[in-house]
Amino acid sequence: MSHVPTFELLRNAFGRLVFNDQSGVTLEGVIPVRSFPITDPDQGIALVDAHGHELVWIERLIDLPEGYRQLIEAELVSREFMPEIKRLHKVSSFITPSTWHVETDRGDTSFSLKGEEDIRRLTNSSLMITDSHGVHFLIRNRLALDRHSRKLLDHFL
Amino acid sequence: MQQTSPLLINTIPSPWADSLSPLLLEEEKVLSWITIDLDTRLYFAEGIAIVTTQRLLVKMASDDAWQAWHYQPDVMLTQRDHAGVGYLELFDGYSRLAYWRYRLGNDLAVNRLIESFAQQRDRHLSGKVFSQDEEQARCPRCGIALSIDQDECPVCEKQTHAPPSTWTLLRLWRFAKPYKGRLLIGFLLTLCSTAATLVPPYLTMPLMDNVLIPYQNGQPIDIELVKLYLSGLLGAAILAWILGWARTYMLALVSERIGADLRTTTYEHLLNLSQEYFGGKRTGDLMARIGAETDRINLFISLHLLDFATDVIMICMTAVILVSINPWLALVTLVPLPIIAWLIHLVRDRLRIGFEKVDRIWAEVNNVLADTIPGIRVVKAFAQEKREAARFLAANQRNLQINDRVNRVWSLFTPTVTLLTEIGLLVVWVFGIWQISKDQITVGVLTAFLAYIGRFYIRLDSMSRIVSVTQKAAAGTKRIFDILDHVSSVPESINPVHLATVQGRIELRNVGFRYGTRSITRNINLEIQPGEMIGLVGHSGSGKSTLVNLICRFYDVTEGAIIVDGHDIRSLPVTEYRKHIGLVLQEPFLFYGTIAENIAYGKPDATHADIVAAARAAHAHEFILRLPHGYDSLVGERGQALSGGERQRISIARALLINPRILILDEATSSVDTTTEKDIQKALDNLVRGRTTIAIAHRLSTLREANRLVVLDRGRIVEIGNHVELMSREGYYHRLYQAQARNVDTEERGFIPVVEPHSVVGDHK
């Protein structure tokens, strides 16, 4: 069910989202934020202004008109950076800090793991690894990794 | 032209430099550069952005040519970041020209890139030449300003930590080294006692061949010979007993000392780690490491390692003896050895991983306890006992699961070794009987072999146990060295400046702090005069506490510098610097001990007169005297219960006693009611007098005394001035004050009935 939203959204030449509401307030640099980025990414997206105040609450993205949805999705894509690890090539040592060379859905890279406590168990099979700079790497299903990766990973769990 | 010292082109990684050098114009100099490791879709890719004296040059690995932007009016290079990924954006007055993405890692390089871009743009437009703020030494790698006495950049130094090596157990040598001499004696004793235990089986050979076999063949028993052999047996046994006692005692003594040293060193190191480390660790885990792990290592050295050394020596000696008696039989006897060694090796890896897992899951079980027990009031209030029990059960289940898996391998191990032992003995029997039938050996030799090999295999069996204990000890050692290897993120300066006295002039220069990926404060510039009182005001999360933590050097700034009396605080010895700071926190922490000890915490050699004077000044003297044991009353955990206000006044007395030049009050009056606050406020007035004070207070009314108020919002300073100025400006502070004035009214009205009975209760304590 797609209803008409009570606000206007567009992207300006500076690459920022601009928000107009019914009372004629115009705000630049509006940011969409997911409420549950990991557990339920499509439910509950808030548009917040540059100061972090909530402007609109969007229950589900599909409720929005096509154009707005694309704008928001494009902005989310450019903000969300959670590479999903597909394969572990090599880890420099089983003792932290260690450098991991991995293949992700965004290409090959390496990162440094500060300690085992930076590996967080999301569910029984999915893990989130935070590197030394705070970038989150996701392992969606560690049981589905190949044998070599599982073996390397197993040392840290 | 003393510019930011121009970077040489050869600091740029070579593939980029090669394609760049033909492009550079004459006179064009590279000023700064950063590598870009993401493309605009946030896929991993490589690229580089360079600021030169003429333009901005960018190339991604997939691009064929360099992109260039020349300096024009209105062009602007900016940076922002979110969740560990930075945006570098180039604007002109009308639109965004380009943008790049990168993973955060070297903030300073990015800031420097932007800074030099802005400088060059202004230089091109106005023709003006910029002089860098003084001729300050800068780190060649990241461009941070270094103070005169620093040779090495504190930032770069911090980032280069090599991962520790795998041979963790050998690293224990560092702790064994002081006991070298005693260890050597212990080793020699081991050697002798082992040799002594090998005498009895050897004597079975002549006993058999010269006494028993001849007797069976009809000759009488030679009593003298029997006496000789048997006294030899007894002598060897007694010698082995004495030597065994001596070596066990000696080595247990040493290992106990090594364990104690390990524990103390780890704890000392732990105490010196920065606040950041404690924020990221859980209490249960740290306690387990220092307590249980060191004990395990200790046990390993005193018991298992000793046994293992004895075993190895015994095997070597036995092998030599066996070969000297009969090389062929010895060969057959020793054949199973490599098989067992191979088996041990096979299981080693699996077991080590398994035991590490067991340790980790054990810490997890502890953590559940450490979480729940301190929070028991919340658990009970929300009636979540069942849920917490379930959480513990789940952790325990995982513990079981992992232990089961380890035990599956482990349980197979010992029986296999036993089986191999039996088979080995069988082989010796078969070959021995065959050799006797060929008259190659005597019955005595076979008996001696069987006696030796019995011990030999028993030792092999126990040696196989060393695999698991070594792995456990190695895992424990690793976890200990994890702490020991952790470099404090607040490192001591290499050549520190010692300040005998501090005046208390504090200067914040361009201070920025980032926690993880979250940028908490940015571009804070503030000068605080000696003796001035500054109030920090702002919503929660505006960065007040962060600023205080930075000034105390619980964390180090990620950008800029904090300068006290003209010295960067990173160049001062940490503990010496903190001695000049008095800290009064929202939740005063009292250690278990007497009130006098708690007041004298920062200055243990204070006289009783000093303590009483400090307590008087803190308005704590009278209530302390009302306690049954006065200054000797026990407080802290399991001690005398004190109210929040009383505890706070003790902590103020504690701060007063060390007579610091710099005083920090972090919400010192927030957790008490308004009446108590007035008492505390009086105590604080004594404390503040003549000291540089930085106070954070939620209730703005408590900051009226402040010379200046600094209003913070989202990590930036938005207003500075005294109460009257800020009120007349009708800005941020005014709004904050108005909002609070309304709340305080209702709060005070609500408090009146509560306050009365509270103070009565307080008196009866």
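Predicted model: local features only at pLDDT ≥ 70, side-chain atom pairs only at ≥ 80, totals over all residues.
Just past the end of helix α13(B), B:D439 adopts a positive phi of about 60°.

B:D439 sits in the loop that links α13 to α14 (443-485) in chain B. What's curious is that B:D439 has its positive phi although it is not a glycine.

B:N510 is not a glycine either, yet its phi is positive, at about 55°. You'll find B:N510 in a strand, β8 (residues 506-515) of chain B. B:N510 has 14 other C-beta atoms within 10 Å, so it is classed as partly exposed. Here are the two side by side:

| Residue | Phi | Other C-beta atoms within 10 Å | Class |
|---|---|---|---|
| B:N510 | about 55° | 14 | partly exposed |

Now back to the helix itself. Helix α13 of chain B runs over residues 385-437, which makes 53 residues. How far does α13 of chain B reach from its first C-alpha to its last? The answer is 76 Å, close to the 78 Å expected at 1.5 Å a residue.

Zooming out, chain B holds 23 helices and 19 strands. Chain B is 765 residues in length, and 33% of them count as buried. What about contacts along the chain? Take the contacts in chain B between residues at least 6 apart in sequence: 72% of these join residues at least 24 apart.

Finally, there's the partner chain. How many residues of chain A are in contact with chain B? There are 23, and they touch 28 residues of chain B. On the chain A side, strand β9 (residues 107-113) gives the largest share, with 3 residues. Sorted by class, that side of chain A is made up of 10 polar, 7 nonpolar and 6 charged residues.

Notes. Residues numbered from 1 in each chain as written. Chains lettered and ligands numbered in written order. Helix = DSSP H or I, 4+ residues; strand = E, 2+ residues; numbered from the N terminus. Expected span 1.5 Å × (residues − 1). Contact = placed C-beta atoms within 7 Å. Nonpolar A, V, L, I, M, F, W, Y, C, P; charged D, E, K, R; others polar. Buried ≥ 20, exposed ≤ 12 C-beta atoms within 10 Å, placed from the backbone.
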